[in-house]
Amino acid sequence: MRTLSYLLIGIVFGITMFKSEAASWFRIYEMFKFESFHMYGIIGSTVLIGIITVQMIKRVPIKSFYGETIQIPPKAKSFSRYMFGGILFGLGWALAGACPGPMFTLVGAGYVPILVVIAASILGTFLYGLLKDKLPH
Amino acid sequence: MDWIYEPWPWYVSGPMIALVMFLLLMVGKNFGMSSNLRILCTICGAGNKADFFRFDWKAQRWNLVVVLGAIIGGFIGSHFMTTDAAVAINPDTVSTLNELGFSSAGKTYLPTELFNMEAMTDLKSLALLSIGGLLVGFGTRYAGGCTSGHAISGLSNLQFPSLIAVVGFFIGGLIMIHLIFPLIF
């Protein structure tokens, strides 16, 4: 039952990524050229509603559908890992035109070359795991 | 019923993503897609090479199910909810892309130069897709999250580290498109 709920949420997410065109390389390019409001509208409205939702969950003691306390772990404090990691991610995001959610949506949409991007991103994650202790965090 | 085939405007898309995040919280999980790349490393046996991959991935299986859903959602969205997938980007963006050699700009969902089947036998396309993927995979884990984990979950929870990461995402993206694209395309 729980597994089915994760699957359904994933399907809604996948449809949303495709239909919003957030999975389109062109939309990412256009965003970084500041030539459309579309992507900013998506991210902005998501975050605005997200902030209201999360603050509500923190103030009103809402339980999950399964009666558990909802936990939202804070991010560890640091600067370099977020800035350097963020820049590397941004370089790849703009080049491949896809981030780790939409990548999988594009597999379902039938774009075979996205599998190259996914394989390389798994390799990239593996390289990070190898080099982790040598990098400034 | 024709509206169902139209692309979704931002004011439908944004609330839908927020709904996905909310539903995940309500089933006791946190929205973050890039964690799956680490899980896939572990499943492939990366734990033998680095401690970072020695963790109980089975406790994270739910996230792989979300990925499976995202794949199915991509299939449904493209095959049953779209007749013309062309992305109507700004005409100015189209002309810039045409000058860079992307003749498919404004006509398709993804640039054919990088994402049609011929790209699979083109060395330059393969190299660019691989480098892009490597940077995404390395950067996202270094930063501890991607667009979903930082830009959406993190900012929604007013996390300053996520704001730093998002600023980093934009610095990287702007460097790629404004400084590196003119050199490689």
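Among contacts in chain A between residues at least 6 apart in sequence, what percentage join residues at least 24 apart? In this predicted model, the share is 47%. Chain A is built from six helices and zero strands, so that its elements, read from the N terminus, follow the order α-α-α-α-α-α. The C-alpha trace of chain A extends about 40 × 40 × 35 Å along its principal axes. Of the 137 residues in chain A, 55% are buried.

The contact between the two chains involves 103 residues of chain A and 108 residues of chain B. On the side of chain B that touches chain A, at least two residues come from each of the helices H1 (10-26), H2 (35-43), H3 (61-79), H4 (91-100), H5 (112-115), H6 (123-143), H7 (147-156) and H8 (160-184) of chain B. The most is given by H6(B), with 17 residues. Sorted by class, this side of chain B holds 74 nonpolar, 30 polar and four charged residues.

One helix pair across the two chains was examined further. Two packed helices are described by the angle between their axes and the distance between the axes. For helix H4 of chain A (residues 80-96) and H6(B), the axes come within 7 Å and cross at roughly 155 degrees. Because angles over 145 degrees count as roughly antiparallel, H4(A) is roughly antiparallel to H6(B). The crossing in which H4(A) passes H6(B) is left-handed. The contact of H4(A) with H6(B) comprises 17 nonpolar, seven polar and one charged residues.

How values were computed. Residues numbered from 1 in each chain as written. Chains lettered and ligands numbered in written order. Predicted model: local features only at pLDDT ≥ 70, side-chain atom pairs only at ≥ 80, totals over all residues. Contact = placed C-beta atoms within 7 Å. Helix = DSSP H or I, 4+ residues; strand = E, 2+ residues; numbered from the N terminus. Nonpolar A, V, L, I, M, F, W, Y, C, P; charged D, E, K, R; others polar. Buried ≥ 20, exposed ≤ 12 C-beta atoms within 10 Å, placed from the backbone. Axes fitted to C-alpha atoms, helices over the stretch in contact; angles between N-to-C directions. Parallel < 35°, antiparallel > 145°, perpendicular 65-115°, else oblique. Left-handed = near helix turned anticlockwise from the far one by under 90°.
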